[in-house]
Amino acid sequence: MKKQGLALLRERAHIQSLPSFALNLIAGAALTALSGAAVAQEAAKNDTQLETVTVTGVRASLTKSLAIKRTSDQVVESVVAEDIGKLPDNNVVEALQRVTGIQVTNRAGGEVGTLSIRGLPDVATTWNGRNIFTASGTQVALQDIPSTLVRQIDVYKTRDAGQLENGIAGQIDVKSLRPFDFKGSKFSLLARETYLDPAKKWNPQLSGLASNRWKTDAGEFGALVNLSMVKTDYRNESVTPGAMVPFTSPNAAEVPAGYTPLQRIFDNNIWTPGTYTGLPQKAGSTLNFNGTARPYYLARDAVFQSDVAGQRERPAANVALQWQPNDDAVYTFEAMYNGYRDKTFNKLLFSFVDWWGSLGSNPASTITTFPGTNVIKTRSVNDVYGFNSGDYTTSATDSFVYALNGKWNLGDRLRLDGDVSYQTSKYHSEFTATRIDRVAPSINVDFNSGGGNMAFRFNDNAELADPAKWNVAQFYDNANRNQGSAATASLSGVYDADWGPLKTLHFGGRFDSRKASEANRTQSAFLGRNLASLGANYYHVNSNFGTDISDVPRSWIEPNAYYIRDNIDAWRKLYNSVDANFLTTDKLSLQKTFDVKEDTTNLFLMADTEHELFGRRLRANFGVRYVQVDTSMTAYKVDPTTKVVTPTNGEKSAKKFLPSLTLRYEPVRDVLVRFNYGETLRRPNFGDLNPIIQPSDDVSKVGYGGGSGGNPNLEPTRSKNLDLTGEWYFQKDSAIYGTVFQRKIEGLVVPLRRRIHLSPAEDPFRNSTSGGDHTNGYDYVISSPVNASNGKISGLELGAIYFPKGLPWYLDGLGFQGSVTRLTSSQNVPTANNAGEIVSQLEGPFFGVSKLSWNATLAYEKGPVGARLSYVRRNAFLSSNEAALFANPIGIWRQPEKSVDFQLTYNINDRMAFDISGVNLTNEMQQQYYHFGDAGSPELTNFGTVQIGRAVSVGFRWKM
């Protein structure tokens, strides 16, 4: 491969300041544990380069992934395309869900939306080794990268000093195809249709690749173009009972003075909203009313359901040009484009269920409770206020990356790699929502009718679709623009020193100049007209909602967001006619909220060494990376009355030395023990540095609003990482491997709340009809990020790939891939008083960490047939926290999530193949519940169900 100018891939390991007895202890313990393993064929030569070849079939793909794992210095898992443009799934995130230690969630819109490595979401995302991002974020939206543009995905769980330092979870490197990956010309086309339920629509995916290489007098040239387009029509359905709030007893004798039976208790001097465990849920629990203990009941404040229809497009392109003028140099220019277009119409039905009037002579008969608790299970409420909303969102992303790379062999010992790149990414979204409201005669609710699903119905569900029953109320009109860019240059080298035990030196530097900005606008107004008076074009009735969830209304009327968006100028003028402060289209503009510039300088130095331990070779690498980050930001505050913009400037600098260590030892042939130590960083999100407070309206009518504001003094979070692995490669295509690991994390960013009062001049919602009286200003509980938590996450991973030999003919070609991950996490969770001062600490788990996750895949490949049947499962996990406004436990947990997937491929001949696949074949749902410590459960404090639906795809591939 020297002719292609590619750097040799060598076995490396990382040592830094460990005494010799520690090295002996680590290797000796590994030898004792693994010395009983069987000895198979001779291990691969460690300084042999992995060739880039075309891999075909499930078995070949898994075999190549094992080869990458075995020869890598770091703990790495790989997904290799089974053929040109054929990863196992439709996008990068879905392709990774069967990788050991990977957990995915947020399945909606026909795809997986969120990925974590060992429970941590902070992942460094790279494309061919270059850091990439979306807009003003620090990561790229991996689901935007179609699988047809990908040759290989590497998941680095550990990293050496020569790799990027950001991302304490790990690094995901997406490798695209280049012309020198093929021996000559190559062309391929792929067409796929995917049927999504509950949208009940077919969705096209098209991709094509053309590549060739030519020998000339000036050297060898290559060119490649890879294009992709994916279109998706989807539907998301969800049903959610609202948060919990306290009510007085239904028994008149137990009701405090000044209250009526089952009256909602708003007074925050009587109870404190937003505590971690919420109010006690035991029957007979009391609150203090002016020195007298009175029993209270807990019930939901509202019920709501959402029916989202969306249309999504993802155009993408990859272009690569390569030139090899001689045996000692190769140059690569490549460019990538990822686009994203999404339009959604959310039909929202919302009804309060907290009204205490019109209960009749026997209020106790209107409720039932869960046995042994004060939590209301069923409830009948009269004269309830509710609203429906037609929400329309358009969003678009355009991301471009341009890069030029050169690799040179300078003599027999020195190899250099230089890279310059520029990228830009812009995201723009617009959101409009029109509400219609009414007071319904009555509603009957069962907050858990079975399986964690809520059921409810009004006195006459048919009235939900009658435009004469509804009044046009608020209109919300918002927009955002986020954008970012980066110019990066790097130079690294490898010198074959061969100075006794010191074999190789690695060195390099990298400079990155990153810019980002965000801008937005927001306005709202109230109309107050009957919906029927506007005409039939202005309303829409959905249908067939939630048939797989529970007994809820199947259809309701909402403002026709499609028609309103098509006639948005006239709609804004209509609201302007009743509120002169509401701007028409020609007066709208975005207001920048912040500008940030971040310059990062990296330098690293590493050394490879070789030693002998118990007669076997011990390879080591020790290194250090120096990181300097200089950040400057300008934040913009807009006066809500005068609209005067006041900029606020700030600068900060951070410098870190990050050591790394890797040891590689083979106690017996085909058994590899690996020890890694490294330190990584998580930089603050740019938006978290913005100090400007953004209040939010009191839509839940709890007596104060919410809001958020950044913290310009945030420091990077630092993680110290330990990994110890054992790997047994007992066949070329089979292995068993395991890892124990620990991440000790300092300076975790957590939100702290403080209560502030905004005067009428400062209050952006002074004209709001929600919540209480804004005449004298209003209180807001503001959440801001601080480095106020430390934590630790540790775990065990076990994985295996096995293709047994000597099976009967009808089982020949059968194989297995599987893994299990066990995680334990804890971090201190600070509690603050109204002034934002920390007054206590609690212990809690990390967000997004399932204690147990596992997957199993049966693979079959024989002749023209290839198949996979997969099962993926993760246990319950803490997803997020509820707003600090209510009486339920604050943690929002996800119930266990699982998916059964299948794929069958038939190779018609060497050039053509047909495949069919299915995702979520058992039609699983995504469910949540409130929980913290011992408080809350899926039965008692259920919170929301999302209907994911099944997906079935058929595809055809052609290549030559």
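Biologist: In which loop is the place of Pro198?

Modeller: This is a predicted model, in which local features need a pLDDT of at least 70, side-chain atom pairs count only at pLDDT 80 or more, and totals for chains, interfaces and linings use all residues. Strands (E, at least two residues) and helices (H or I, at least four) are DSSP runs numbered from the N terminus. Pro198, which is joined to Asp197 by a cis peptide bond with omega of about 20°, belongs to the loop between strand 8 (186-196) and strand 9 (201-216).

Biologist: How many helices and strands does the protein chain have?

Modeller: The C-alpha atoms of the protein chain fill a box of roughly 90 × 65 × 60 Å along the principal axes. Within the chain, the secondary structure comes to 5 helices and 43 strands.

Biologist: What radius of gyration does the protein chain have?

Modeller: The radius is taken over C-alpha atoms, and the globule rule is 2.2 Å times the number of residues to the power 0.38. For 960 residues a compact globule would be near 30 Å, and the protein chain agrees with this because its own value is 30 Å.

Biologist: Is Asn290 buried or exposed?

Modeller: Asn290 lies in the loop between strand 12 (286-289) and strand 13 (292-300). Although not a glycine, Asn290 has a positive phi of about 55°. Its relative accessibility is 83%, so Asn290 counts as exposed.

Biologist: What is the relative accessible area of Ser358?

Modeller: Ser358 is not a glycine, yet has a positive phi of about 55°. This residue lies in the loop between strand 15 (329-352) and strand 16 (367-369). Ser358 is classed as partly exposed because its relative accessible area is 41%.

Biologist: To which side chain is that of Glu558 joined by a polar contact of 3.4 Å?

Modeller: Glu558 lies in strand 23 (residues 557-559) and is buried, since its relative accessible area is 0%. The partner of Glu558 at 3.4 Å is the side chain of Trp556.

Biologist: Which residue has its backbone nitrogen 3.1 Å from a polar atom of the side chain of Ser825?

Modeller: Ser825 is found in strand 33 (residues 814-832) and counts as buried because its relative accessibility is 16%. Leaving aside neighbours within four places in sequence, Ser825 is in contact with several residues, among them Lys792, Ile793, Gly844 and Val849. The backbone nitrogen at 3.1 Å from the side chain of Ser825 is that of Phe846.

Note on methods:
Residues numbered from 1 in each chain as written. Heavy atoms only, no water. Buried < 20%, exposed > 50% of the residue type's maximum accessible area, 1.4 Å probe, protein only. Polar contact = N/O pair within 3.5 Å; in protein donor to acceptor, adjacent residues only side chain to side chain. Contact = heavy atoms within 4.5 Å.
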